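Biologist: Could we go through this model together? I would like to begin with its strands.

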Number of protein chains: 2
Amino acid sequence: MKELEKLLERIIQRININLRELEYDVSPFIKNLVPLHQMVKFYAFYGITPNHPLDLVFRHSSLAGSYFLGKIRTRNSILYKSDIRGDELKQKGDVFHYQKFEIPITRDEGIDIEDSFLIKTLVHNFSHDPETLEKFFIRDTVSTHYANIHGSPIDGCFLGPFATVDLTSMRDCVIGTFSYVQAGEVGHLNVGPGTIWVRNPDEFNFLYRHPLNKLNHYINFIAGRPPQGFLMDFVDDRKEGFQRVFNAVNLEQSFPVPSNASLDRYAVIKPKTHISENVLVAQRAYLQNAWLGKGANAQENCYIINSRLEGCNVTAHGAKIIEADLGKNIFVGFNSFLRGRADSRLTIGNESIIMPHTIIDIKKPLTIPPEHLVWGLITNSQELASNSMTLKDFSKINNGLIKGNMSFEGNGAGFVTAFRERIHHILEANGAFFDGKKNKGHAQKNQNISFNTIQPYPDGKLQGLYPAIVIQP
Amino acid sequence: MKELEKLLERIIQRININLRELEYDVSPFIKNLVPLHQMVKFYAFYGITPNHPLDLVFRHSSLAGSYFLGKIRTRNSILYKSDIRGDELKQKGDVFHYQKFEIPITRDEGIDIEDSFLIKTLVHNFSHDPETLEKFFIRDTVSTHYANIHGSPIDGCFLGPFATVDLTSMRDCVIGTFSYVQAGEVGHLNVGPGTIWVRNPDEFNFLYRHPLNKLNHYINFIAGRPPQGFLMDFVDDRKEGFQRVFNAVNLEQSFPVPSNASLDRYAVIKPKTHISENVLVAQRAYLQNAWLGKGANAQENCYIINSRLEGCNVTAHGAKIIEADLGKNIFVGFNSFLRGRADSRLTIGNESIIMPHTIIDIKKPLTIPPEHLVWGLITNSQELASNSMTLKDFSKINNGLIKGNMSFEGNGAGFVTAFRERIHHILEANGAFFDGKKNKGHAQKNQNISFNTIQPYPDGKLQGLYPAIVIQP
């Protein structure tokens, strides 16, 4: 265990050097956050398919529980139950369009993780930074429970629990608990907890802050102890379902799935779930009495319970949908928590967009009409009124708007268009539009994956560290 | 699957070139012997421990079911449920004594398998060839069901089912079904089925041939169909027990084992089994109502059923012991088949040596007294009389002896001493003599192994082949 302890010290020092201007010391948050002996308990695994470039290099790292797909390197890093999906990496020969530039991709893009500590973190890979198209790097970074690093090269950062960095290149930043940042390129910022920030420089700037007194009930993070709150309890209460899927080398798929849909063998499926055509269910998704219509997707770490989704729904990484009825083409963003009750269901109309990190937690029935944009923390219809707008009205914003805790600057139409295009891209990439010939996506390509497991040294000086591993075609 | 088919063609051609002088064509034996789609069904696995050098390189190979431990390379090879244990490889800095030579080992020895097809084959590694101390190679070789390659570098050979090549360097040979060869260095031989041949040049030469009409009942191999006979049926009937242990990623060890003994998690343990101190139970061993006394070992692919072994017993790779009572310090050689009946048990006295590939199959009770050497095929006490001698009498042989189907030339004392030293080495290496401090062996070192699984491409052109895999410390 000695080497692993030294490695953690080294990572803490490196990130503290990066964060020195913010005067931020990560060590009280990080030390003992994961007892290092946990790192011996879980195996990591990587997928092999003919559809994804295979190029894995792991050196001097601890990888407990991690999932790898595609071209990925780790060095001097500790990953713990991290999903790291490289199935949208750019490939040699692609051309990337950015503003007036047409940029040729000269070698296969890879994810490169160095000197970092990622805890229960999803890393997904469709990066947009035109400066670093061949390397999606994560360096000198600590991310905590259920944070998401999504298409975002990142250097010298600390991500609190349930934080998401999305389509952003980020240097030397602290991103607070349950904050969402999609901001192009940022550096040297300390973003407070519960901040939802979507910016396209020169176009628009969306900013919302969750009321901290209420957010703390769902999630809070204090130095010296693990993250706490209802979201942690919710996830912990459902751990057991995953034990079965992780304890078996190969699971017989007893659950009926159409041939053009894909159900990952590391997902949990409880009774009365229905999976329609072109559906993608990713690893660590949790479905219980969930009806998924054609082209819906259930991404990593999402939970869909006692709910019906009519089709072409995006349930993003970490989103939770409970006792709800969703129409078609509804987007539910990262880490959103939507909870109806058995006797007070949540209903969402077609084409609505639930912003990332939205919390809807109701005790009386609530209906969100079609084509609405919804954000923030909502527990009743009054709060819905102050935390939503029709997409049509939002598109009319020209010179900014302040509404409750939300402020918006710039062009509303640009914001709505960007969101809609993104949702279309997600559905397309996930295979929602596959017609039997064209528009194959993850739902069709991720069907037949072999998973190989890897484990660390079980004892001795290197206990908890994995040997050097190189996997190539 | 295309690449895998090409690979098999390539291997067949290479071995046929090697065997051209013997005018031996392996293809009718090999084609369709394992349907290639089987190669996608099983995972291979490798062990990680701090006690064994870790250096694995697999390239352009199919590895279904194989077990790897230590420093092993494969290239252009097809392995199928092969156990390949590199836990006795010589290490850099060792000195190897051979006759008057003291040979320094200049780099860690490794097993190197190239252009070969090994089916359900155990490869074990304590090689004795002074010419190739750093590389234990297996090249241009086909070995079939339950053959053993034991400390034997081998080039251009074909091994029939249940054949064993032990402590022999072998080039361009055919070893027949159920034949055992321990002969130093041989080349360009076609050894017929059922031959037991132990030779130490200039010292002794032991030769026995099983009566083929009787051997065929136990095992026979005809071109164009899989091996047949009672031994195949016996193994097939017990396949199911292994399914459970291979289907789980990690098994809780519910079976009590002393802290100085080792029970591999890929062994099958059925009720009423007892494991004493310093016992080693290797992967794919099968124990059912088996009582193992202190320092006994149960090696790969052995079966011990309804039997009691008093202690310091060697049950070598592939040996089967059913309804028998064995005293102390008894050696049961490779692939031996010892079957008593519930009402007619087999009893073996202390210190006896059951030669490799011995078949004892009785319908009336039979007792082998202490300190006997036993060989060949025995179904009753008359056959025991003609297929055994006291070790004392055997040691007295000076100028050869013919007894039944057995002929012996040279020095009987040398033969018995060599056997006894070998048995002592095996017990020592396996940890039978561990006293809490000194004499650690496999039973103590192989206790805490992490196993990592690897799988092939699930479909496409490379279906059944594994990606290139490099694992280093």
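Modeller: One definition is needed at the start: two strands pair if DSSP finds at least two bridges between them. Please also keep in mind that this is a predicted model.

Biologist: Which order do the strands of the open sheet in chain B have?

Modeller: The order is β5-β10-β13-β16-β19-β22 in chain B, an open sheet of 6 strands with parallel pairing.

Biologist: And which strands stand at the edges?

Modeller: Those are β5 (78-80) and β22 (190-191) of chain B. Each has a single partner strand, so one side of each is left without a neighbour in the sheet.

Biologist: How many bridges join β5(B) to β10 of chain B?

Modeller: There are 3 bridges between β5(B) and strand β10 (residues 117-119) of chain B, and the two run parallel. Within this pair, B:Y80 stands opposite B:I119 in β10(B).

Biologist: Which helix packs on the sheet?

Modeller: Helix α1 (residues 2-18) of chain B does, and it touches β5, β10, β13 (142-143) and β16 (158-159) of chain B. The direction of α1 makes about 100° with that of β5(B).

Biologist: Let us change topic. What rotation superposes chain B on chain A?

Modeller: A rotation of 180°, with 0.1 Å of shift along its axis, superposes chain B on chain A at an RMSD of 0.0 Å. That is the relation of a two-fold axis. The same surface serves both copies, as 100% of the contact residues of chain B recur in chain A.

Biologist: How many residues does the contact take from each chain?

Modeller: The contact takes 31 residues from chain B and 31 residues from chain A. On the side of chain B that touches chain A, the elements giving two or more residues are α5 (239-247), β46 (450-454) and β47 (468-472) of chain B. The residues of that side divide into 20 nonpolar, 10 polar and 1 charged.

Biologist: In which sense do β47 of chain A and β47(B) pair?

Modeller: They pair in the antiparallel sense, over 5 bridges. In this pairing, A:Q472 stands opposite B:A468 in β47(B).

Biologist: Finally, what domains is chain A divided into?

Modeller: Domain 1 covers 2-234 + 452-471, and domain 2 covers 249-445. Their centres, taken over C-alpha atoms, are separated by 23 Å. The contact between these domains of chain A takes 30 residues from domain 1 and 30 residues from domain 2.

Biologist: Which element gives the largest share of the domain 1 side?

Modeller: The largest share, 6 residues, comes from β24(A). The residues on this side of domain 1 of chain A divide into 16 nonpolar, 7 polar and 7 charged.

Conventions:
Residues are numbered from 1 along each chain as its sequence is written. Chains are lettered from A and ligands numbered from 1 in the order in which they are written. This is a predicted model: local features need pLDDT of at least 70, side-chain atom pairs count only at pLDDT 80 or more; totals for chains, interfaces and linings use all residues. Domain bounds come from an automatic or database domain assignment. Two residues are in contact if their C-beta atoms, placed from the backbone, lie within 7 Å. Helices (H or I, at least four residues) and strands (E, at least two) are DSSP runs, numbered from the N terminus. Ala, Val, Leu, Ile, Met, Phe, Trp, Tyr, Cys and Pro count as nonpolar, Asp, Glu, Lys and Arg as charged, and the others, Gly among them, as polar. Copies are superposed by least squares on the C-alpha atoms of residues with pLDDT of at least 70 in both. Axes are lines fitted to C-alpha atoms, for helices over the stretch in contact, and angles run from 0 to 180 degrees between N-to-C directions.
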